[in-house]
Amino acid sequence: MPRYIFFRILSIIPVLLGLTLIVFIIMSLIPGDPATAILGSYATPENVARLNQQLGLDKPLFQRYFIWLSNLIQGDFGRSMSLNRPVIDEILERFSATLILSGTAFVLCSFIGILAGVISATRQYGLADKLITLTVLIGISIPSFFLGMMMILYFAVRLRWFPASGMYALYGGGDFIDLLNHLIMPAVALAIVAAGVIARLSRAAMLEVLRLDFIRTARAKGVPEKRVIIRHALRYSMVSILPILGLQAGFVLSGAVYIEIVFQWPGVGRMMVDAILARDIMLVQGGVLFVAACYVIFNIIVDVVQLWLDPRIRS
Amino acid sequence: MPKPIIQIKNLCKNFSIKQASLLGPKQVLKAVKNVSLDVKKGEIFGIIGESGCGKSTLARTIVGIYKADSGTVKLNENSIENIISKELNRTIQYVFQDPLGSLNPRKTIRQNLQTPLHLLLGLNSHQINQKLTEMMEAVGLPLRTMYQYPHEISGGQAQRIGIARALLAGSQILVLDEPVSALDVSVQAQILELLINLKDKFSLTYIFISHDLAVIEAFCNRVAVMYYGEIAEVLPATKLYSQSLHPYTNLLARTAPRLDNEIHTEFQIELPDPLKPPLGCAFAPRCSNVGERCKEFSPELRLLKENSYVACHYPTKQ
Amino acid sequence: MRVLYKKIIRNRLAGFGAALVSIICFLSLITPFLGLPDPNVIDTSKRFMMPLVDGYIFGADHLGRDILSRLLWGTRLSIFVGLVAALIAASIGSVIGILAGLYGGKADTLLMRSIDVLMAFPYILLALAIVAVLGPGLMNALIAVAIVNIPFFARNVRGVTLSLVQSDFIAAARLSGRNTFSILLFELLPNLVSVIIVAFSTTIGWMILETAGLSFLGLGSQPPQSDLGSMLGEARAALITHPHTSFIPGLMIFAIVMGINLLGDGIRDALDPRLAKGMLRRSQPITYIDRQKNISLPNTINLISVNDLQTEFQIDNKKIKAIRNVSFSIEKGQCLAIVGESGSGKSVTALSLTGLVASPPAVISGGVVNFQNIDILSLNYEEIRKIRGKKISYIFQDPNSSLHPLHSIGDQLIEVMLVHESKFKRHILEERAIQLLKDVMIANPERVMNSYPHELSGGMRQRIGIAIALANDPELIIADEPTTALDVTVQAQILDILNRLRIQRGLSLLFISHDMNVIASISDKIAIMYAGQIIETGPTQEVLDQPFHPYTKALLACSPQIGSSLGLPKPIKGMPPLMEELSEGCSFAPRCSYFTKDCNKEPIVLSTIENRSFRCIKKGSLDA
Ligand SMILES: Nc1ncnc2c1ncn2[C@@H]1O[C@H](COP(=O)(O)OP(=O)(O)O)[C@@H](O)[C@H]1O
Ligand code: SF4
Ligand code: SF4
Ligand SMILES: [Mg+2]
C-alpha cells in the first residue's frame with residue numbers, strides 16, 4: 001500500500017506537467033502581441049523587438065515553454081500588468097481567502113450531502129425523503145449567484161443577521177468571529193448546490209447497495225439495522241461517493257468564482273474575472289495554474305483515501 | 001479412418017493482465033496451454049473441468065472469437081487463419097453459456113436471428129422468412145416468439161434461440177459452451193434432447209462444454225478433461241465414471257454427487273495461482289498418486305490404452 | 001416512444017417539469033410575435049419602474065428598458081445557447097466515448113488520458129481560460145461551456161460502450177457476420193441511444209446555468225445583446241435598492257433549470273430498466289407481515305414447525321403468491337432438504353422464516369413459524385433480530401456476493417458474535433473466530449482473519465460463510481443452495497464440513513438445493529417444491545426409492561446421474577407455470593403424464609400415508 005501511495009504521488013508530476021503545457025498552449029494562442037499590449041499601440045517597432053527579446057518571445061515555442069516552466073518552478077509567475085506587482089504575491093494573498101471559503105463550503109456540502117442522502121435512502125418515499133428530494137431539486141436548479149443575491153437581500157438587508165459582503169469588517173474587525181460572521185452566508189450559498197448533487201448521488205448509491213446480497217447477510221447475522229445502514233451500506237457506498245466528492249471539490253472551486261463576486265470576497269476567482277476583463281494574461285495564467293494544481297493535489301488525496309477505504313484496489 | 005473435422009495442435013492462448021502500476025512487471029495469464037485435440041465428424045466431443053480451467057477460452061479460440069497466441073486450429077484441414085471470417089462463421093458456430101446475454105436486448109428475436117441469414121448466406125427476405133419459420137419449428141418454439149424481445153422469454157426459450165442462431169448460419173460444427181448449465185434440470189433435459197434431434201437432422205458435429213460430469217457422460221462420445229489450462233486426459237465418455245486413468249478425473253468422478261453416494265472427504269482443493277504456474281504437474285498438490293517426477297517435469301499427453309490419452313507420470317491402474 | 005411518453009406523464013413531478021419547460025419554450029418561440037416593446041430601447045425617465053405600473057408588467061431596469069420584453073428575449077437566447085452547447089458537447093463527447101470504448105487499447109488510453117487532463121481543471125477554470133483566449137462574448141462562452149462538458153459525455157458513453165463491447169451479444173453479432181462498423185451502427189448504437197439521451201437530458205439544465213453564469217460574470221453576452229445571466233449581472237448593482245430587476249431574471253433561470261431537471265429525471269427514470277422493475281426499492285429490515293388475526297400456536301416437540309406459510313409479492317397492485325400453504329417441521333438434530341426448480345419458492349420459504357424476504361415487495365400473508373414454541377412471525381423487529389444469527393443462522397448461495405467485500409474476514413466473524421453478546425473482549429472473540437476458522441478447515445486462520453473476501457477462493461469464502469453461521473452455536477442452520485455456485489470437488493468438501501459439524505454439534509439443518517443428487521447424501525427428510533407448494537415430503541430414502549408424486553418421479557428421471565448408464569435424462573414437457581397465472585387445480589397438471597380431468601377440478605389437498613404426504617389425487621399409485 002505505501003508503494004501504491006508513493007507511485008500515486010509520483011504520478012502528480014506528469015499531470016502537473018500536462019497542466020502547465022495546456023495552460024501554456026492556451027495562453028500562447030491568445031491573439032495579439034504581448035509586447036505591443038504592454039507598451040501600448042504607440043510603441044516603436046524597435047522597442048517592441050527589444051521587449052520581445054527581453055521576454056524571450058523571439059525563441060521557438062517549446063524553448064519558451066521550458067524557460068517559462070523553470071521560472072514557474074522558481075516561483076516566478078511573471079508580473080501582473082493591471083496591478084503592477086508580481087503575480088505570485090497577489091495570488092498567495094488571494095488564495096488563502098478562496099481556500100477558507102471553498103474549504104468550509106466543501107466540508108459543509110460533503111457532510112450535509114451524505115447525511116441527507118443516507119436519510120433520504122433509508123426513509124425512501126417517506127416524508128423526510130420527499131422533503132430532502134425537493135430541497136435537493138431546488139438546490140441543484142438554482143444558480144448559486146442568484147441564491148447568493150437573495151440571501152444578501154433577506155439575511156443581510158432585511159434581517160441584518162450577517163454582513164452583506166467582504167471578508168472582514170472595515171473597522172474593528174479582523175478576528176475569528178468576524179471572519180465567521182462574514183463566511184457563513186457565502187459558504188452556505190456555495191455549499192448548497194454541491195450538497196444537492198452529493199445528496200442525490202449518495203441516495204442512489206445507498207439504494208443500490210441496500211439491495212446487495214451482503215446486506216441480507218448482515219441482517220441474517222442479526223446486525224441491528226442502524227449498524228447495517230452505517231457499517232455495511234454506507235461504508236460500501238463511500239467507495240462510489242468518494243469520487244463524487246472529488247468532482248464536487250472542482251464544482252465548489254468553480255462556484256467560488258460567482259460567490260466571490262456576489263459577496264465581494266477577496267479570492268482568486270474574483271481576481272481572475274477582473275484579470276480577464278482587463279486582459280491581464282499573466283494574472284489569469286497564474287490563477288488557473290494555482291487553482292488547478294490545488295485541485296489535482298486534492299484529487300490525489302481522494303485517491304489515497306479511496307485506497308484506504310477499498311481493500312480490493314490495494315492488491 | 002476418416003480425417004478429423006477439427007484438428008487442434010499446440011494451441012496456446014494468453015491474456016495480459018492489467019498492471020498494478022506503470023512500472024510493475026507485465027503479467028501474463030496462460031489460459032490455454034499447448035492443447036492438442038482431434039474431433040471426428042459427427043462426434044459429440046465433451047470438454048469438462050472446473051471453473052476457470054480454460055474451457056471457454058479454448059472454445060472461443062476454436063471459433064475465432066479469440067485469436068490464438070500460438071498453435072493451429074484446422075477445420076476440414078484448413079487452418080482457420082486462412083479461412084475468411086464469413087466462411088469460418090458458416091463452418092463453425094458458437095452457442096453461448098448465458099443465453100439471454102447473447103441476444104441484443106433492443107431487438108426482437110426475429111431481428112436477432114436474421115442477421116446471419118442476411119449477412120452470411122445473403123438470402124432475400126422471402127427466403128429469410130421461410131428459413132426462420134423452419135428453424136423455429138426445428139427448435140420447438142412457437143412462431144410468435146420471434147416477435148418478442150429477449151427480456152420477455154424464459155431461459156430455456158432463450159437457449160433454443162441461441163441454438164437456432166448458431167444453426168441458421170448453416171454451419172456443420174457447433175461449439176456449445178455450457179449450454180445447459182444455467183437451466184433447470186427439467187429444461188436441461190429438454191435442450192439435450194433437442195440437441196440430439198438436431199444433430200441427426202442436420203448431421204452436425206458438437207463440441208460440448210460442461211462442468212457436470214453426469215451430463216457429459218450421458219451426452220458425449222468422447223471427453224477431454226481440462227485442468228489448469230491443459231488437457232489432463234482424453235477418454236471415451238463411458239469410461240469417465242469408473243475407468244479413468246488420470247488422478248484428477250478419478251477425483252471428479254468420485255466427488256460427483258449421486259443419489260446413493262456417501263459424503264466424500266477431500267481436503268486440498270485450492271488451484272495453483274493462475275499467474276504463477278508451478279514447475280511440474282499442476283495437479284501435484286492435490287494428487288493421490290504423486291511421485292518424485294511430478295514436481296519437476298510436466299507430464300505430456302500420451303496414448304496409454306485404447307482410446308485413452310493421459311497426461312500423467314503415474315496414472316491410476318484400472 | 002409512446003411508452004416513454006406515458007411513463008413520463010405518469011410521474012407527477014416529471015409531468016410538472018414537462019409542462020413548465022413547454023410553456024417557457026412556447027413563450028420564447030412566440031416572443032417575436034407578441035408585439036413587445038424593443039428590449040434595448042433606453043428610456044431614462046422610466047428607470048427602475050416598478051412592476052405593474054404604466055403597462056410595464058415586470059417594470060423597467062436601470063436604463064428604463066422593459067423587463068418583460070428583455071426577459072423573454074433573454075430566455076430565448078439562454079435556452080438556445082444552452083441547447084446548442086449541450087448538443088455540441090453530447091455529439092463530440094459521445095463520439096470520443098464510442099471510439100475509445102469500441103477500439104480499446106491505445107486509442108482508448110490516448111483519448112481517455114486527454115479527457116483526464118481536461119478534467120484535471122475545475123470546470124470553470126477551463127471555461128475562464130477559454131474565454132480569456134477567445135475574448136468575452138456569447139459565442140465564446142458557448143464554446144467554452146461545450147468543451148468543458150465533453151468529458152462528462154465521453155466518460156459515460158465510453159463506460160457503457162466498453163461493457164457492451166465485451167458482452168456476448170456483440171460476440172454473437174460478429175459470429176453472425178457483422179464487421180466492426182456494422183456492429184457499431186446496428187448493435188451498439190441502439191443500446192447507447194438511451195444512455196446518451198439520459199446524459200443529455202440530465203445535463204442540459206446545468207449547461208444553461210453555466211452559460212448564464214459566464215454572462216453574469218460579464219464574460220458571456222455583451223451589451224446590448226443580453227441573456228438572462230447578463231440581465232442578472234447588470235441588475236446586481238441595484239440589488240438592494242431595486243430587487244425586482246434581479247429577482248425576475250433570476251427566477252426565470254431557476255424555473256427553466258428546474259423544469260428541465262424534473263423532466264430529465266423523469267426521462268432517466270423511464271429509461272432505466274432497473275427502476276421499471278422496482279428493484280431500487282429500499283428493503284425493510286424485516287418483511288411486512290399481514291396475517292389474519294387469531295393465529296393459534298399448537299405445541300410442538302419439533303425444533304421448528306411451519307404451518308401454512310404464505311408469502312406474496314405485491315408488484316404494480318398485483319399479488320403474486322410466491323409460496324402457498326407451506327408446512328414442514330424439523331426435529332432437533334435433523335436435516336430437512338427442500339428440492340425444487342428455480343422459482344419454485346425455496347428461497348422465499350427459507351427467508352420467510354425470520355422475515356428476511358425483501359419488503360417491499362414481499363408480504364408474509366399467512367401461516368405460523370413455530371420455533372421452540374414461539375411464533376416468530378408475531379415477534380417485533382428487535383426480538384427477531386436476536387434470533388437471527390444466534391438461534392437461526394443462514395448460509396447463502398453465492399459466496400462471492402454474500403460476504404461484505406470491504407470488511408476483513410476477522411471483522412465479519414467477530415461482528416456476528418458481537419451483535420449478540422457485546423460484553424466480550426475483542427481478543428476473546430478473536431480467539432473464538434480463529435477456532436471457528438479451524439473448524440471449517442481453513443489453513444493458517446491467523447492470516448485469513450486479516451484477509452478480505454476478494455483474496456480468497458470461492459470454496460474458502462463459502463467456508464467462511466459456514467463459520468459465520470456457526471459462530472453463535474445456533475439451533476438451526478438454513479443453507480440456501482450453499483454449493484450451487486461451486487465446483488464439484490469444492491462442493492464435496494463443503495458438504496463434508498457442513499455435515500460433520502452439524503452432527504458434532506447436534507444442529508438442525510434446512511438444506512436447500514435444486515439437485516436431487518446433492519441432497520440425497522446429506523438429508524434425513526426431503527420436501528419437494530413446485531410452483532410455491534410443497535408437493536411431497538417424506539424420509540429421503542423412501543421418497544427417492546418410491547416417489548408418490550408424479551413431479552418427484554419426473555424430476556428424478558430428468559436428473560442425470562453419473563455412472564447410471566441410463567442414457568439421456570428424460571425431459572419433463574412444458575415449463576413451470578407462471579406464478580401469476582396459476583389455475584384452480586393441480587399446478588403440475590399441464591406437464592403431468594398421469595393427468596386426468598379430475599386434477600383440474602379443485603385445489604389438491606395434502607394426502608398422508610404414514611410419515612409421507614403429497615398433493616396428488618393419484619394417491620401414490622404411479623405404476624405403468
Ligand atoms: N424480490 C422479488 N420480487 C418479486 N418476485 C420475487 C422476488 N423474489 C422472488 N420472487 C418470486 O418468488 C417466486 C419464488 O422464488 P424463489 O423462492 O427465489 O425460488 P427458488 O429459491 O426456489 O429458486 C418466484 O416466482 C420469483 O420470481
Ligand atoms: S503427474 Fe503426478 S502429480 Fe500429476 S496427476 Fe500424475 S501422478 Fe498426479
Ligand atoms: S393431481 Fe393429477 S395432474 Fe396433479 S400430479 Fe397428480 S396426477 Fe398429475
Ligand atoms: Mg433460490
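For the residue classes used in the first view, Ala, Val, Leu, Ile, Met, Phe, Trp, Tyr, Cys and Pro count as nonpolar, Asp, Glu, Lys and Arg as charged, and the others, Gly among them, as polar. All views show a predicted model.

**View 1. The shell around ligand 2 in the predicted model.** The residues around ligand 2 include the cysteines C281(B), C287(B), C294(B) and C312(B), together with H246(B), P247(B), F283(B), A284(B), N289(B), P299(B), H313(B) and Y314(B). By class, this shell divides into nine nonpolar and three polar residues, with no charged residue.

**View 2. The open sheet of chain B with strand order β2-β1-β4-β5.** The four strands are paired in the antiparallel sense, and β2 (27–39) and β5 (78–79) of chain B stand at the edges with a single partner strand each, so one side of each has no neighbour in the sheet. Helix α1 (residues 55–62) of chain B packs on this sheet, where α1 touches β1 (6–17), β2 and β4 of chain B and makes about 115° with the direction of β1(B). Strand β4 (residues 70–75) of chain B pairs with β5(B) over two bridges, and S79(B) in β5(B) is the bridge partner of K74(B).

**View 3. Strand β7 (residues 173–177) of chain B, with five of its five residues buried.** I173(B), V175(B) and D177(B) point one way from the strand, whereas L174(B) and L176(B) point the other way. Strand β6 (residues 92–95) of chain B runs parallel to β7(B) and is joined to it by four bridges, with Y94(B) opposite V175(B). Five bridges join β7(B) to the parallel strand β8 (residues 205–210) of chain B, in which Y206(B) stands opposite L174(B).

Note on methods: Residues numbered from 1 in each chain as written. Chains lettered and ligands numbered in written order. Predicted model: local features only at pLDDT ≥ 70, side-chain atom pairs only at ≥ 80, totals over all residues. Heavy atoms only, no water. Near = heavy atom within 4 Å. Pairing = 2+ DSSP bridges. Contact = heavy atoms within 4.5 Å. Axes fitted to C-alpha atoms, helices over the stretch in contact; angles between N-to-C directions. Buried < 20%, exposed > 50% of the residue type's maximum accessible area, 1.4 Å probe, protein only.
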